[in-house]
Amino acid sequence: PDLTIRGVKVFEGLLDAPAQEAMVADLRKVVARAPLFSPMTPYGKPMRVRMTSAGRYGWFSDRKGYRYEPRHPSGVDWPPIPESVLRVWAAVSGTHREPDCCLVNYYTDGAKMGMHQDKDEADFGYPVVSVSLGDEALFRIGNLTRGGKTESVWLRSGDVLVMGDEARLVYHGIDRVKPDTSTLLDGGGRINLTLRVVDP
Ligand code: MD3
Ligand code: FE
């Protein structure tokens with residue numbers, strides 16, 4: 001990795017411009033079959049980040065809580081995870097097991113993501129891999145419990161993060177996305193892909 005912050009490995013610009021373009025083309029096909037939606041938080045407020053998933057499971061939230069679901073809210077299966085995305089996982093995850101879920105987060109219009117842990121998965125021995133595409137985002141890394149000092153880093157299009165071992169359960173969030181810092185996505189905004197092993 002180019003840098004490691006609190007155990008989070010940052011691979012800057014791992015994807016070059018043609019690789020980013022190819023991945024966005026693959027994601028357009030995913031979104032055509034499994035459209036983006038705004039999940040309702042358990043508190044009854046819709047999330048500003050729009051989402052969909054690929055893989056055996058998709059991440060979902062409603063008044064009943066956060067969980068993984070085997071189908072899109074429309075009833076269709078989640079599309080398969082694109083090969084271009086699986087290649088990134090194979091290159092950086094350090095595991096031969098394939099991810100069960102590729103969560104697609106689409107940030108527009110000032111959307112952000114509050115500090116949280118990723119803990120809906122069965123086995124924290126597997127890492128989480130994240131791919132940033134489009135506008136730059138200010139990513140904040142905290143601690144294993146809520147609160148305390150944090151560190152921030154700007155994520156740029158093509159950057160890949162790996163959260164494993166001591167970093168797997170750290171609190172993290174996206175404070176803001178800087179508009180017009182990338183021309184990758186027509187209409188701007190930021191896509192983040194989060195790859196996870198869900199089942200035991
Ligand atoms: C650190 N997504 O979907 S990616 C999420 O940019 C999520 O959309 C953010 O947090 C985004 O859950 C942040 C970076 C990231 C992803 C997962 C992590 C950092 C992480 C899991 C553990 C520790
Ligand atoms: Fe997260």
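Of the 17 residues around ligand 1, those that come nearest are Asn 105, Ser 130, Met 163, His 172 and Asn 192, where a residue is near a molecule or strand if its C-beta atom, placed from the backbone, lies within 6 Å of it. Two or more residues of this shell are given by each of strand S6 (101-107), strand S8 (128-134), strand S11 (160-163), S12 and strand S13 (190-196); helices (H or I, at least four residues) and strands (E, at least two) are DSSP runs, numbered from the N terminus. By class, the shell around ligand 1 comprises 10 nonpolar, five polar and two charged residues. In this classification, Ala, Val, Leu, Ile, Met, Phe, Trp, Tyr, Cys and Pro count as nonpolar, Asp, Glu, Lys and Arg as charged, and the others, Gly among them, as polar.

The model is predicted: local features need pLDDT of at least 70, side-chain atom pairs count only at pLDDT 80 or more, and totals for chains, interfaces and linings use all residues. Residues are numbered from 1 along each chain as its sequence is written, while chains are lettered from A and ligands numbered from 1 in the order in which they are written.

An open sheet of seven strands shows antiparallel pairing in the order S1-S2-S11-S8-S13-S6-S3, two strands being paired if DSSP finds at least two bridges between them. Strand S1 (3-5) and strand S3 (50-55) form the edges, each pairing on one side only. From one strand to the next, the twist averages 20°. The antiparallel strands S8 and S13 are joined by six bridges, and Ser 132 has Asn 192 in S13 as its bridge partner. Helix H2 (residues 83-92) packs on the sheet and touches strand S2 (8-11), S6, S8, S11 and S13; contact requires that the C-beta atoms of two residues, placed from the backbone, lie within 7 Å. The direction of H2 makes about 130° with that of S8, with axes taken as lines fitted to C-alpha atoms, for helices over the stretch in contact, and angles running from 0 to 180 degrees between N-to-C directions.

An unreviewed UniProt entry lists His 116, Asp 118 and His 172 under "binding site". These residues span 57 residues in sequence, yet no two of their C-alpha atoms are more than 8.8 Å apart, so they gather at one spot. UniProt positions are given in the numbering used here, feature names are shortened, and annotations may be inferred rather than shown by experiment. His 116 is found in strand S7 (residues 113-116) and is exposed, with 12 other C-beta atoms within 10 Å. His 172, in strand S12 (residues 172-177), counts as buried, with 23 C-beta neighbours inside 10 Å. The cut-offs are 20 or more other C-beta atoms within 10 Å for buried, 12 or fewer for exposed, and partly exposed in between, with C-beta atoms placed from the backbone. Not counting residues up to four places away in sequence, His 116 touches Tyr 171 and Gly 173, whereas His 172 touches Met 115, Phe 139, Arg 140, Ile 141 and Gly 142.

Under "binding site", the unreviewed UniProt entry also lists Trp 59, Tyr 66, Arg 67, Tyr 68, Asp 120 and Arg 146. These span 88 residues in sequence, and the farthest two C-alpha atoms are 23.3 Å apart, so they do not all gather at one spot. Trp 59 lies in strand S4 (residues 58-62) and is buried, with 24 C-beta neighbours inside 10 Å. Arg 146, in the loop between strand S9 (137-141) and strand S10 (151-155), is exposed, with 10 other C-beta atoms within 10 Å.
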